[in-house]
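Here is a short report on one protein chain. Keep the structure open while you read.

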Amino acid sequence: QVQLVESGGDLVQAGGSLRLSCAASGSIRSIPVMGWYRQAPGKQRDLVATITSGGRINYAGSVKDRFTISRDSAKNTVYLQMSSLKPEDTAVYYCNAAVVTSSWSLADYWGQGTQVTVSS
């Protein structure tokens, strides 16, 4: 089993910054891709950013130049540094990881979500 635990969500004023963290634990052999998604009330869950084990990064257009994704592979942890936050960034942020388990299976895992609220 694999668990993803997120932290760092909070209430912040527009223009402010937050840093989200997500740590993966369990029967992990490797994590080819880690990423962040978000879901606002009444909307679908959308990609925010992903990062591969080789360092390839992909951002949603709406967050490019404001958010920075990084990972510490030794700690199986991914981070999302969010700057210049806008009210439209308000959402539940979910961590996602594509994990190769100790039994050599590849599976997709999600965290429980962390709330980010940006006030105007």
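Asp89 is buried, with a relative accessible area of 1%. Keep in mind that this is a predicted model. Asp89 lies in the loop between strand E8 (77-82) and strand E9 (91-101).

**Salt bridges**

Side chains of opposite charge can pair when their charged atoms come close. How many salt bridges does a search of the whole structure find? The search finds two. Asp89 takes part in one with Arg38 and in one with Arg66. The table gives the closest distances.

| Salt bridge | Closest N and O atoms |
|---|---|
| Arg38 with Asp89 | 2.9 Å |
| Asp89 with Arg66 | 2.7 Å |

Together, Arg38, Arg66 and Asp89 are linked in a network of salt bridges.

Where do the two arginines sit? Arg38 is in strand E4 (residues 28-39). Arg38 and Asp89 are 51 residues apart, so their pair links distant parts of the chain. Arg66 is in the loop between strand E6 (57-59) and E7. That residue is 23 residues from Asp89, and this pair also links distant parts of the chain.

Is Arg66 buried or exposed? Its relative accessible area is 12%. Buried means under 20%, so Arg66 counts as buried. Arg38 is buried too, like Asp89.

**Rings and charges**

A pair of aromatic rings is described by the distance of the centres and the angle of the planes. A search of the whole structure finds one such pair. Tyr37 and Trp110 form it, and the arrangement is edge-to-face. The ring centres are 5.1 Å apart, with 65 degrees between the planes. Tyr37 belongs to strand E4, and Trp110 to strand E10 (residues 106-110). The two are 73 residues apart, so again distant parts of the chain are linked.

Trp110 has a relative accessibility of 36% and counts as partly exposed. A charged residue lies over its face: Arg45, at 4.6 Å from the ring centre. Elsewhere, the charged end of Arg19 sits over the ring of Tyr79, 4.1 Å from the ring's centre.

**The sheet**

Strands of a sheet pair through backbone hydrogen bonds, either parallel or antiparallel. Here four strands form an open sheet in the order E1-E3-E8-E7, with antiparallel pairing. Strand E1 (2-7) and strand E7 (67-72) are the edge strands, and each pairs on one side only. From one strand to the next, the twist averages 15 degrees.

Now follow E1 to its neighbour. E1 pairs with strand E3 (residues 18-26) over six bridges, in the antiparallel sense. Which residue in E3 is the bridge partner of Val2? The partner is Gly26.

Definitions and conventions. Residues are numbered from 1 along each chain as its sequence is written. This is a predicted model: local features need pLDDT of at least 70, side-chain atom pairs count only at pLDDT 80 or more; totals for chains, interfaces and linings use all residues. Side-chain values use heavy atoms; hydrogens and water are left out. Two strands pair if DSSP finds at least two bridges between them. Axes are lines fitted to C-alpha atoms, for helices over the stretch in contact, and angles run from 0 to 180 degrees between N-to-C directions. A salt bridge is a side-chain nitrogen of Lys or Arg within 4 Å of a carboxyl oxygen of Asp or Glu. Buried means under 20% relative accessible area, exposed over 50%, partly exposed in between (1.4 Å probe, protein chains only). Rings of Phe, Tyr and Trp (its six-membered ring) pair if their centres lie within 6.5 Å; planes under 30 degrees apart count as stacked, over 60 as edge-to-face and the rest as tilted. A charge sits over a ring if NZ of Lys or CZ of Arg is within 6 Å of the ring centre and within 35 degrees of the ring normal.
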